[in-house]
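Colleague: Could we go through this model together? I would like to begin with the overall fold and then turn to the backbone.

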Amino acid sequence: MNKILWVDDEIDLLKPHVMFLTSKGYEVDTCNNGYDAVEMVSSEAYDLVILDEMMPGMTGLETLPLIKNTHPSLPVIMVTKSEEENIMDKAIGSKIADYIIKPVNPNQVLLSIKKNLHSKQLVTEQTTADYRAEFGRIASQQMAATTFSDWCALYRKIVGWEIELSESTDKSIREVLSYQKNEANQEFSKFVKRNYFNWINQRAAEEEIPVMSHTVMRRRIFPEVDSATHTTLLLIDNMRYDQWRTIEPMLRGYFDIATDDFYCAILPTATQYARNALFAGLMPLAIDRLMPDKWLNDNEDGGKNMYEEEFLQRLITQSGKKYKMSFDKLVRPEAGRRLLDNMQHVYDADFSVIIYNFLDILSHARTETDIIRELTDDEASFRSLTRSWFEHSELYTLLKLLAEHGHRVIITSDHGTIRVDNPVRVTGDKETSSNIRYKTGRNLAYNPREVYEVTRPEDVQLPSGRLTSSYIFAYNRDFLVYNNDANRFIRYYKNTFQHGGISMEEMIVPFAVLKPKKR
């Protein structure tokens with residue numbers, strides 16, 4: 001039962017109103033002056049205060065800050081006879097929750113109380129009802145999805161409902177949505193398996209082949225650079241669409257969102273493959289053949305993304321562009337601080353590229369650090385942590401500076417991540433790669449019905465490393481484990497965020513174009 005304090009110097013005349021609220025299930029205490037109100041709030045736990053603005057002795061406007069000093073989050077509804085602007089300015093400046101004009105109507109009071117005490121509950125109840133009505137339409141949309149664009153539209157809708165329902169108190173409806181998303185991912189995996197070879201080898205109709213990692217620079221990014229004076233590409237490693245949706249509202253005060261779209265990450269959905277392909281404008285097999293000294297296979301020691309700037313410069317030259325370019329890769333927080341102190345080369349460039357690795361670090365930290373696991377025990381809390389990080393990050397400051405300097409900004413990623421929970425057993429020799437969403441090696445043993453297998457890597461434009469090497473990719477929320485010490489491995493990796501395989505979260509990559517607001 002919610003407990004309310006009603007403060008009014010004519011409280012005896014309001015007894016019918018108090019009885020009305022009591023009949024609606026509220027416990028109501030009363031007093032007739034500000035002094036008693038401050039004392040009662042200090043000694044009792046109230047959920048809301050109704051405060052008369054004009055009282056003898058200490059007015060409501062004088063009482064309000066005394067209440068807020070000790071209970072800043074306690075909602076206060078101001079009751080006033082006057083609509084004078086200066087009185088309302090004072091009250092609103094003191095953070096009232098609402099105000100009511102006398103004479104007071106009981107239903108008006110009840111509505112204000114519901115708005116301030118139960119709005120979250122009412123919203124979640126309505127949201128739950130809306131999703132129940134939408135469930136069938138989402139299922140029909142999934143059955144009708146035949147193109148990558150169809151799957152993008154479905155994924156956008158599912159993520160929207162995930163965010164809408166994240167604060168719902170109805171656990172069962174969140175479980176239904178989780179089931180529906182899991183089912184969609186199973187069908188998306190089959191869709192990719194049917195079409196991936198044709199996409200990569202251009203065996204499908206042109207309109208059916210999505211923009212992919214190795215074509216996004218020429219097809220999406222260069223046209224934006226050509227149409228603006230200064231463009232910054234911000235690539236946030238490991239960023240999923242739901243994480244983009246989490247930070248996007250914070251940017252609307254500085255940018256207009258001109259494009260909110262997607263492209264398709266290549267397989268494996270891992271930085272070594274997808275990001276090199278993005279900057280080179282080439283599939284990994286072509287990079288390996290044209291620049292063998294700049295490609296390392298999974299089982300070779302050394303940095304796998306050492307030549308991104310060189311790849312991009314080569315692509316710019318081959319495309320006949322003459323951009324003045326800057327390139328910054330920020331792997332640690334101190335690198336972000338250093339860039340903020342030395343931004344002039346970014347401002348001066350026609351095309352500036354900034355790679356920001358924090359979300360990749362956060363994903364790995366969640367796997368390796370118990371406290372991060374506890375802070376992000378579900379998707380909603382992982383999004384919340386993403387937002388908290390972004391709000392206090394150098395990246396947010398950087399984006400505001402770019403808006404001030406009139407830069408168009410492209411925000412995207414190289415791939416996303418998925419929470420894995422279903423182990424799939426494989427075996428391989430000591431040369432087998434270590435990633436748990438995909439494996440490459442010579443002697444892999446597995447159930448071919450449980451993975452997407454590529455026995456001839458060149459068929460999907462991947463380097464083989466060894467003549468007999470093959471690739472396998474995990475579907476949906478699966479992760480690949482060896483039989484040796486499998487139980488310990490499963491305990492360690494279950495419910496962690498991983499990438500490299502086939503899922504909507506990993507392959508459907510957000511692509512947004514932000515235009516600075518005119519000042």
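Modeller: A contact here means heavy atoms within 4.5 Å. By that criterion, residues 24 or more positions apart account for 74% of the contacts in the protein with a separation of 6 or more. Please note that this is a predicted model, in which local features need pLDDT of at least 70, side-chain atom pairs count only at pLDDT 80 or more, and totals for chains, interfaces and linings use all residues. Residues are numbered from 1 along each chain as its sequence is written, and side-chain values use heavy atoms, with hydrogens and water left out.

Colleague: What does the secondary structure come to?

Modeller: The protein has 21 helices and 18 strands. These are DSSP runs numbered from the N terminus, with helices being H or I of at least four residues and strands E of at least two.

Colleague: And how much of the protein is buried?

Modeller: Of its 519 residues, 51% are buried. Buried means under 20% relative accessible area, exposed means over 50%, and partly exposed lies in between, with a 1.4 Å probe and protein chains only.

Colleague: Now the helices: at what angle do α11 and α13 pack?

Modeller: Helix α11 (residues 271-280) and helix α13 (residues 308-318) pack at about 30°, and their axes are 7 Å apart. Axes are lines fitted to C-alpha atoms, for helices over the stretch in contact, and angles run from 0 to 180 degrees between N-to-C directions.

Colleague: Which residues make that contact?

Modeller: From α11 they are Arg-275, Asn-276, Phe-279 and Ala-280, and from α13 they are Glu-308, Phe-311, Leu-312 and Leu-315.

Colleague: Then what about Asn-476: buried or exposed?

Modeller: Asn-476 is buried, with a relative accessible area of 6%. Its phi is positive, about 45°, and the residue lies in the loop between β15 (470-474) and β16 (478-482).

Colleague: And where is Asn-495?

Modeller: Asn-495 is in the loop between α20 (486-493) and β17 (496-498). Its phi is also positive, near 65°, and Asn-495 is partly exposed at a relative accessible area of 34%.
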